Each structure stands twice: as C-alpha cells, then as structure tokens.
Amino acid sequence: MILSTDINEAAALLRANEVVAIPTETVYGLAANAYSAEAVSRVYEVKERPKTNPLIVHIGSVDKLAAVASSVSPNAQKLAAHFWPGPLTLLLPKSARISDQVTAHSPFVAVRVPDHPLSLALLQQLEFPLVAPSANRYTSVSPTTAAHVATNLGDRIPLILDGGPCRKGLESTVVGFDADDQPQVYRLGAITLEELQAIIPETALFKQTDTEVSPSPGMAKKHYAPTTPLKVVDQLERFLVEHPPLQSVAYGVLSFGHEKTAMKGLTVYELSAQKNLEEASSRLYDGLYELDAKGLQFIVVEWFENQRLGRTLNDKLKRASSAL
Ligand code: TXA
Ligand code: MG
C-alpha cells in the first residue's frame, strides 16, 4: 500500500477496477467504479461488508445526478442546491445505470457530492461515479486520517489518497423522502436536523416501526465501535469522584472541556477544550482510535446536550457503546 496525493495515480487504479481510499470532508471512503460489477464486489470484500448493506454513490457535481437517479423531487433539488458539495446523502430513485449490487436491491440509490478538493478533482476527471463506503472494516470506527485507513485496511488496498484529516469528522447525513416529499433523516451525520429544518421545516427523524424492515441498514445498532468498551455517562464529574483516577483501574476519558485536575492520572483525549461541538465532532473518531490503541480497560465519555451536532455525537456514542 502507498500513500499518495496524486489523483492521476488514483484515477489509473480506479480505471483498472482497483479499490482506492479517498479523502472526503466527512470520513475517508473506500472508492471504486460504481459502474463496474467487479470493482463494486471488491469493495464489499475488502470491507468485509454484508452484500445487503448498500453503498453511497459519489458524483463530482450536481449535473451528474441524472446519470445515477431517475428522478429528483422538488425537495431533493432544494436540499442538493443548498448543501452540495457537502455532507448530505440523498436517497433517490435509481437510474438503470446503477446496479442492484450497489443499492442492495433497493430501488433507491444513495448519492452525494463530497466537499474535498482532491476527491472532487478526481471525480471530475473520471468517466464514472464512485461508490465509497467509509474506509474501515465492517463495524469498526470510521477513519478520519490516512493513518486510520492504513491501520484498518493498509494490507488490503494498493493506495490511500492522502488529503489530510477530514474537516467534519462525522459521516454524511442520509436523507430520504416520504410519499409527500417530506425529508426523513435515516442517519444522523455532519449536517444537523436543525440545519435541514432551516431549509425545509417539515424534515423529521425517520422512526422505524417494529414491523418494517430497515430501509437503511447503516442504522444497525452496533457500528463504529472501538475494541475497548465505551461507557457513556450522564455526569463525568460524578463518575470521576466515584472511580478515583489513582485506583488500579486504568481507564481513558474522552473529555469535552472538563476540568483537568479532576482527571489527573488518567489517559485523557481532549475533544474540545472550548466545548466547541464542531471541533469535538471532527475529533471524536480520532479520539476513539487513539484511546483504543492504549490497551485501556474502558473509555468513559459524557453524553452531549441532545441538539444540533450533540444529537449526532450522541447517536454515534450510542452505537459505539452498544453491547450488541
Ligand atoms: O460521509 C459518508 O457518507 C461516507 C463518505 C466516504 O462519503 N460514507 C459512508 O458510507 O459513510 P457507509 O457505506 O459507511 O454508510 C452509508 C450509509 C449506510 O448507513 C447505508 O446503509 C446507507 O448509507 N445507504 C447506502 N445506500 C443506501 C440505499 N440505497 N438505501 C438506503 N440506505 C442506503
Ligand atoms: Mg460506515
């Protein structure tokens, strides 16, 4: 595996049906030619992902949408115009060019225009869109640096296009539309519910009923999990008092501007000293990778206030800490 910043090298491999890791503003993606059955099946293999979990298609600009989607509703157009390039993935009726292999037999394709200069330049040079799931093995934490990708998949892919640390650090928000064209959030991500509602007030979180099959398998409970158990608590200060740092239990803390002296003697990763949610979002997965490498007994973190990016962060923490 080589690290490179040369998009021509990446393009040549992609044209040869190889799988290449690419940077985006959210997390690194494991990219392949969306029109090639061979390339797409290689992505599933490398990621060890079940074939029932569909892939996001990445395009270089909104005018490429007609190639991958058979129709774009008024509200989908509105959101695309507002948020692309950016961390919004839209579920749209698929075109004939997009295979069942890409969508896992769904009539809908997930599509977005990523906001990263290297990947945009790469997509604009290619004759085909790219499928790109997050560049981690199935159920492990999404990578936000080239080094994370190398840890996860370095032995399985020929090239990582190194675009530096991902600016957002959380996956894209996945949005579908109900029969009345009202947006439904299937996966919380870097774009918040509040930001979507500012454009279309009717936007709601998709509520899965018991009888329904999950339309977005990424909502599976266990996801993004580090190997070290993650404990999410209501009050970190209180947890620290009840589990004094000087005792023999070695644990780590993902801190969000918490008082330093109370954590003395513990392994601390600071998400944001200034309690800034954007900064914490961009650092969460790096914190999980870093603490996970330290052989700790567990990692403790406090729930965020459940709004804006705090809602997304809580969703990721819930999945990362799920016992299932
Ligand atoms: O930010 C991101 O979205 C990153 C970067 C690389 O673009 N990609 C990413 O891909 O997170 P992945 O495969 O790890 O997550 C894709 C999510 C999953 O929850 C998947 O189930 C859902 O999107 N998805 C993909 N295609 C779908 C479809 N046709 N219908 C419903 N859900 C779909
Ligand atoms: Mg993923």
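These legends describe close-up views of a predicted model. Residues are numbered from 1 along each chain as its sequence is written, and chains are lettered from A and ligands numbered from 1 in the order in which they are written. Local features need pLDDT of at least 70, side-chain atom pairs count only at pLDDT 80 or more, totals for chains, interfaces and linings use all residues, and side-chain values use heavy atoms, with hydrogens and water left out.

View 1. Strands are DSSP runs of E of at least two residues, helices are runs of H or I of at least four, and both are numbered from the N terminus. Two strands pair if DSSP finds at least two bridges between them. Strands β2 (residues 20-22) and β8 (residues 159-161) run parallel, joined by 2 bridges. Here Ala-21 stands opposite Ile-160 in β8.

View 2. Contact means heavy atoms within 4.5 Å.

View 3. The peptide bond from Trp-84 to Pro-85 is cis. Its omega is near -5 degrees. Pro-85 sits in the loop between α4 (74-83) and β5 (88-93).

**View 4. Helix α10, capped and kinked.** Asn-276 caps the N-terminal end of α10. One of its side-chain oxygens lies 2.9 Å from the backbone nitrogen of Glu-278. A kink of about 40 degrees is centred on Arg-283; the bend at a residue is the angle between axes fitted to the seven residues ending there and the seven starting there. Buried residues of α10 include Ala-280, Leu-284, Tyr-285 and Leu-288. Buried means under 20% relative accessible area, exposed over 50%, and partly exposed in between (1.4 Å probe, protein chains only). Among the elements covering these buried residues are α7 (146-153), β12 (230-233) and α11.

**View 5. Strand β13 between two partners.** In β13, 5 of its 5 residues are buried. Tyr-251, Val-253 and Ser-255 lie on one side, with Gly-252 and Leu-254 on the other. In a regular strand the side chains alternate between the two faces of the sheet. β13 runs parallel to β15, joined by 4 bridges, and Gly-252 stands opposite Ile-299 in β15. β13 and β14 also pair in the parallel sense, over 4 bridges. There, Ser-255 stands opposite Glu-270 in β14.

**View 6. Two loop residues with positive phi.** Lys-275 has a phi of about 55 degrees, although it is not a glycine. Lys-275 lies in the loop between β14 (267-270) and α10 (277-292) and is partly exposed, at 48% relative accessible area. Arg-308, also not a glycine, has a positive phi of about 50 degrees. Arg-308 is in the loop between β15 (298-302) and α11 (309-321). It is partly exposed, at 47%.

Key: A polar contact is a pair of N or O atoms within 3.5 Å; within protein, one must be able to donate a hydrogen and the other to accept it, and residues adjacent in sequence count only if both atoms are side-chain atoms.
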